[in-house]
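Subject: Handover of a structure, with notes on what was found

Dear colleague,

I am passing on the structure below, and my notes follow it. Please read them with the coordinates open beside you.

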Amino acid sequence: MKNFAQNLGLCRKAGALEIGFDAAVTAMKFGKVKGLLISSDISVKTLKEIKFHAEKYKTDVVYLPGDKTEVGNIIGISAGVIAVTNEGLFSLFK
């Protein structure tokens, strides 16, 4: 995935991110999420739970090459689960 840092920063500036597990699941419940971004160092338990919710709400999942620290440096908050709420911006990660 090329330029994931630039794309993630663009999503953040556009206000198209829900950051963190709970925020992502809540946004999925309300049909806001176009796709999920998962950092490379997410725990097995969290990964299992977020996959369950992604299947339940029919949400695409993309795995980022960066870890939580790298994601945190880009968006200002360390997070393993990030929901993108804009289809056009999410397509940058596919």
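Strand E2 and strand E3 (residues 60-63) run parallel to each other and are joined by 4 bridges, in a model that, please bear in mind, is predicted. Along this pairing, Gly35 stands opposite Asp60 in E3, and Leu36 stands opposite Val61 in E3.

E4 in turn pairs with E1, in the antiparallel sense over 3 bridges, and the bridge partner of Leu17 in E4 is Val84.

Taken together, the 4 strands form an open sheet with mixed pairing, in the order E1-E4-E2-E3. Strand E1 (17-19) and E3 stand at the edges with a single partner strand each, so one side of each is left without a neighbour in the sheet. On average, and with direction ignored, neighbouring strands of this sheet are turned by 25° against each other.

What happens on the two faces of E2 and of E4?

The buried residues of H1 are Phe4, Asn7, Leu8, Gly9 and Cys11, and what covers them includes E1, E2, helix H4 (68-75), E4 and helix H5 (87-90). Ala14, by contrast, which has its place in helix H1, is exposed, with a relative accessible area of 52%, where the cut-off for exposed is over 50%. The C-alpha atoms of Ala14 and Thr26 are separated by 20 Å, although these residues are 12 residues apart along the chain. After H1 comes Gly15, whose phi is positive, near 70°.

Helix H2 lies across E1, E2 and E4 as well, running at about 130° to E1. Two packed helices are described by the angle between their axes and the distance between the axes. For helix H2 (residues 21-29) and helix H3 (residues 44-56), the axes come within 10 Å and cross at roughly 10°. That crossing angle makes H2 roughly parallel to H3, the cut-off for that description being under 35 degrees. The contact is made by Phe21, Val25 and Met28 on the H2 side and by Thr46, Glu49, Ile50, His53 and Ala54 on the H3 side. Sorted by class, the contact of H2 with H3 has 5 nonpolar, 2 polar and 1 charged residues.

Two loop residues on either side of H3 may also be worth a look. Asp41 lies in the loop between E2 and H3, and counts as partly exposed because its relative accessibility is 36%. If neighbours within four places in sequence are left aside, Asp41 is in contact with Asp67 and Lys68. Asp41 and Ile82 are 41 residues apart in sequence, and from C-alpha to C-alpha they are 13 Å apart in space.

The other residue is Lys58, which has its place in the loop between H3 and E3. Lys58 counts as exposed, at 74% relative accessibility, and its phi is near 50°, a positive value in a residue other than glycine.

Key. Residues are numbered from 1 along each chain as its sequence is written. This is a predicted model: local features need pLDDT of at least 70, side-chain atom pairs count only at pLDDT 80 or more; totals for chains, interfaces and linings use all residues. Side-chain values use heavy atoms; hydrogens and water are left out. Axes are lines fitted to C-alpha atoms, for helices over the stretch in contact, and angles run from 0 to 180 degrees between N-to-C directions. Angles under 35 degrees count as roughly parallel, over 145 as roughly antiparallel, 65 to 115 as roughly perpendicular and the rest as oblique. Contact means heavy atoms within 4.5 Å. Ala, Val, Leu, Ile, Met, Phe, Trp, Tyr, Cys and Pro count as nonpolar, Asp, Glu, Lys and Arg as charged, and the others, Gly among them, as polar. Two strands pair if DSSP finds at least two bridges between them. Buried means under 20% relative accessible area, exposed over 50%, partly exposed in between (1.4 Å probe, protein chains only).
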